[in-house]
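Please open the model in a viewer and follow the stops below in order. Each stop names a selection and then describes what is found there.

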Amino acid sequence: MTKKIRPYIFSRGIDETFKGVYDAFAFIALFFKQVFKPPFHFRQVIDQCYEVGIKSLPLITLTGFVTGLVFTKQSRPSLEVFGATSWLPSLISIALVRALGPLVTALICAGKVGSSIGAELGSMKVTEQIDAMEVSAINPFKYLAVSRIIATTLMVCVLSFYCSFVGLLGAFVNVHANDTTSFSNFFQSGFSDINFIDIFSSVTKSLVFGFTIGIVGCYKGFNATQGTRGVGKAANQAVVTSMFLIFVEEIVIVQISNWIRFF
Amino acid sequence: MEKKAHNIDINEKAISIKGLYKSFGDLHVLKGIDLDVHKGENVVVLGKSGTGKSVLIKILVGLLKPDSGVVEVLGKEVDKLSQKELDALRLHIGFAFQSSALYDSMDVRQNLEFPLTMNFKNLSKGEVKDSVEEVLEAVGLIDKLNQMPSDLSGGQRKRIGIARTLILKPQIMLYDEPTSGLDPITCLEINELINEVQQKYNTSSIIITHDLTCAKETGDRVAMLLDGIFVKTGSFEDVFADKDERIQSFYNYNFIK
């Protein structure tokens, strides 16, 4: 009687989960291996920065402005109870720079950019366009993935500061309408409580969020299977996975920056 | 249409495959196949869908790794090459995909320029333009220069796919189901194009198909892949003179008696 070979170490689900985690880390390692090696596709990086940055601008502007405006409007009654409405600019700027700006930007980009990267690369994978690049002696990972990951990392950072700024403008509209505070007074008061650690943690967060969006979108796209269904799945998983990771990273980075602040 | 006589150098092997095995999990696709393709020769690989024909040519360009066996292309063992060496070899191999695999975000001109400009940075704009026009004329689609792939018919996409491989002046052409999904007239045009490419560029080719008309018109030699091995190799007439029931049923299905 022939010995029956056990096809999985634990079970299919557990084995595939471990393999997925291993593949994801291998994908990240490949990025760091490729990013510093020539050839450098600067033109492609600039094109992707345009795709990620400029095309996300209207949505970020609207969301940032509304976030600042509504957050100020909702905070005002609570502060009025203590006669502390003069703290509004500081409160809003700290909230926007430390948390809301990077987080709101990252979530919007995960939805808009992450899904688009997942769908575009997924479509290229299932229609053999990525293979076509490879057999033409062009490194598809370098050309398609590395340029997109650099672009999302840089642009989410830039957009998150832009989002915080637009959010402050939204907050100013509310503050000015109620307290007739001048523009310069508002921003002076707002920025007086922002310190280096706030800016540093905000930049770190944005870079990490942007990198996550890029790497997850590219990973899901490059691993798309099963035709058009696989493309939809890649786009969907790119959004869900990157949003989940962004929340986890937010908690970890906030914790670390609070420790730094304490010391 | 009779195929024009073409010089085949039987002393020089463009591709040499010995004892090639490839499995996907429990599915054994290639079970020890041997095949030589001589310089200037068109070899047609025939077989049912799912018998590993496409897997075979994907191994030749290093898109898939063999489980065991020796695969030599232009005298180089493919799975032993470094990435740099493999890329250098790939410049000599043209791969025409079944789906054409045109870059759908680029127009025809950009599709053709892309492999050239990415691999040869020092080419002038004039040289690139000349190369694009030359291959477009070779496939008879010079008027489609600025069209998007989505605006082309299936046959036109196949032709542009072939033109994109020709722009790198390959020594070897690998055609994956070049006539699948096309009407009979367009199939004949593609068959003619494959023969023209062989004549004009002196390429050695492997043509993967299950279309017997394509096999008869384009192949100098036919290899019948069944159940993971080549059961018969020879001229089209020799292969189908075989009494093997599987070969005969393949023939009867294509040319309904």
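**Stop one: phenylalanines along a helix**

Phe187(A) and Phe191(A) are separated by about one helical turn, because they are four residues apart in helix H6 of chain A. Helices (H or I, at least four residues) and strands (E, at least two) are DSSP runs, numbered from the N terminus. This is a predicted model, in which local features need pLDDT of at least 70 and side-chain atom pairs count only at pLDDT 80 or more, while totals for chains, interfaces and linings use all residues. Residues are numbered from 1 along each chain as its sequence is written, chains are lettered from A and ligands numbered from 1 in the order in which they are written, and side-chain values use heavy atoms, with hydrogens and water left out.

Select Phe183(A) next: Phe183(A) and Phe187(A) both lie in helix H6 (residues 183-191) of chain A, again four residues apart, about one turn of the helix. Are the rings of Phe187(A) and Phe191(A) stacked or tilted? They are tilted, because their planes stand at 35° with the centres 5.8 Å apart. Rings of Phe, Tyr and Trp (its six-membered ring) pair if their centres lie within 6.5 Å; planes under 30 degrees apart count as stacked, over 60 as edge-to-face and the rest as tilted.

Now colour by accessibility, where buried means under 20% relative accessible area, exposed over 50%, and partly exposed in between (1.4 Å probe, protein chains only). Phe187(A) is buried at 11%, whereas Phe183(A) is partly exposed at 43% and Phe191(A) is partly exposed at 41%. Over all chains the structure holds 19 aromatic pairs. In one of them, Phe183(A) with Phe187(A), the centres are 4.7 Å apart and the planes at 45°, so this pair is tilted too.

**Stop two: two cysteines of chain A**

A disulfide is a pair of cysteine sulfur atoms within 2.5 Å, and the count over all chains is zero. Cys109(A) is buried at 0% relative accessibility, and Cys163(A) is buried at 3%.

**Stop three: strand E7 of chain B**

Move to strand E7 (residues 172-176) of chain B, where five of five residues are buried. In a regular strand the side chains alternate between the two faces of the sheet. Here Ile172(B), Leu174(B) and Asp176(B) point one way, and Met173(B) and Tyr175(B) the other.

Two strands pair if DSSP finds at least two bridges between them. Strand E6 (residues 93-96) of chain B runs parallel to E7(B) and is joined to it by four bridges, with Gly94(B) opposite Met173(B). Strand E8 (residues 204-209) of chain B pairs with E7(B) in the parallel sense over five bridges, and Asp176(B) stands opposite Ile208(B).

**Stop four: charges over rings**

Finally, select Lys22(B) with Phe24(B): the charged end of Lys22(B) sits over the ring, 5.1 Å from its centre. The criterion is NZ of Lys or CZ of Arg within 6 Å of the ring centre and within 35 degrees of the ring normal. The charged end of Arg164(B) likewise sits over the ring of Tyr103(B), 4.5 Å from its centre.
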